[in-house]
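Begin with its surface, then move to the fold, and finish with the charged pairs.

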Amino acid sequence: MSTITESVDVDVDVHTAYNQWTQFESFPEFMEGVEEIRQVDDTHTHWVTKIGGVTREFDATITEQHPDERVAWRADSGPSHAGVITFHRLGDNQTRVTAQMDIDPDGFVEKAADKLGILDRRVHGDMERFKAFIEKRGGQETGAWRGDVDRPGS
């Protein structure tokens, strides 16, 4: 199991950064290798990824979500991974977005990518592309979901 942590400071308020991150179906616009995400319901998504020529489909569950603070998930199928995105207000128009992911690569290609640091670089690039995506929009998110999802057992 590998842990990847990346942060990026975006020049938008925390509300806007969080709102955009809840628009999972827009992820292919800034996440390399993500072909499609379909929001099934408030807590379930279906992903199609293509990395190193390998296409994978998997389902994920949002395990915790609190507006302007955090979104956590875990994979229900496919390669084992889970993570959390946190949002920290740095100022009126600046937010630190931090991604922390635990990934257990599956298959030769994914294990090699992990050992060579390719997964870390990909997450870093995705965070930088998120910054460019939201800032290019002039701080206007494509939508928002402001619901709460409590951690299991809470």
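The accessible surface of the protein chain is about 8000 Å². Carbon and sulfur atoms account for 46% of that area. Keep in mind that the model is predicted. Buried residues make up 47% of the 154 residues in the chain.

Now the fold. The chain holds 3 helices and 7 strands. Their order along the sequence is β-α-β-β-β-β-β-β-α-α. The radius of gyration is 15 Å, close to the 15 Å that the globule rule gives for 154 residues, so the chain is as compact as a globular protein of that length. The C-alpha trace spans about 45 × 35 × 25 Å along its principal axes. Contacts reach across the sequence as well. Take those between residues at least 6 apart: 52% of them join residues at least 24 apart.

Next, the charges. The protein chain carries 17 positive and 30 negative side chains. The centres of these two sets lie 4 Å apart. Side chains of opposite charge can pair when their charged atoms come close. With a cut-off of 4 Å between a side-chain nitrogen of Lys or Arg and a carboxyl oxygen of Asp or Glu, the count comes to 10 salt bridges.

One of them joins R122 and E32, with N and O at 3.1 Å. R122 sits in helix α3 (residues 118–136), while E32 is in the loop between α1 (14–21) and β2 (34–41), so this pair ties together parts that are 90 residues apart in sequence. How covered are the two partners? R122 is buried, at 17% relative accessible area, because buried means under 20%. E32 is partly exposed, at 42%.

A second pair is R70 and E64. Their closest N and O atoms are 3.4 Å apart. Here the arginine, R70, is partly exposed, with a relative accessible area of 28%. E64 is buried, with a relative accessibility of 10%.

D76 is partly exposed, with a relative accessible area of 39%. R74 is partly exposed too, and its value is also 39%.

Finally, which residues do salt bridges with shared partners join into one network? They are E32, R122, D126 and R129. Return to R122 and E32 with this in mind: the bridge between them involves two members of that network.

Conventions:
Residues numbered from 1 in each chain as written. Predicted model: local features only at pLDDT ≥ 70, side-chain atom pairs only at ≥ 80, totals over all residues. Heavy atoms only, no water. Helix = DSSP H or I, 4+ residues; strand = E, 2+ residues; numbered from the N terminus. Rg over C-alpha atoms; globule rule 2.2 N^0.38 Å. Buried < 20%, exposed > 50% of the residue type's maximum accessible area, 1.4 Å probe, protein only. Contact = heavy atoms within 4.5 Å. Areas by Shrake-Rupley, 256 points an atom, 1.4 Å probe, with all protein chains shown as cover. Lys, Arg positive; Asp, Glu negative; His and termini not counted. Charge placed at Lys NZ, Arg CZ, Asp CG, Glu CD.
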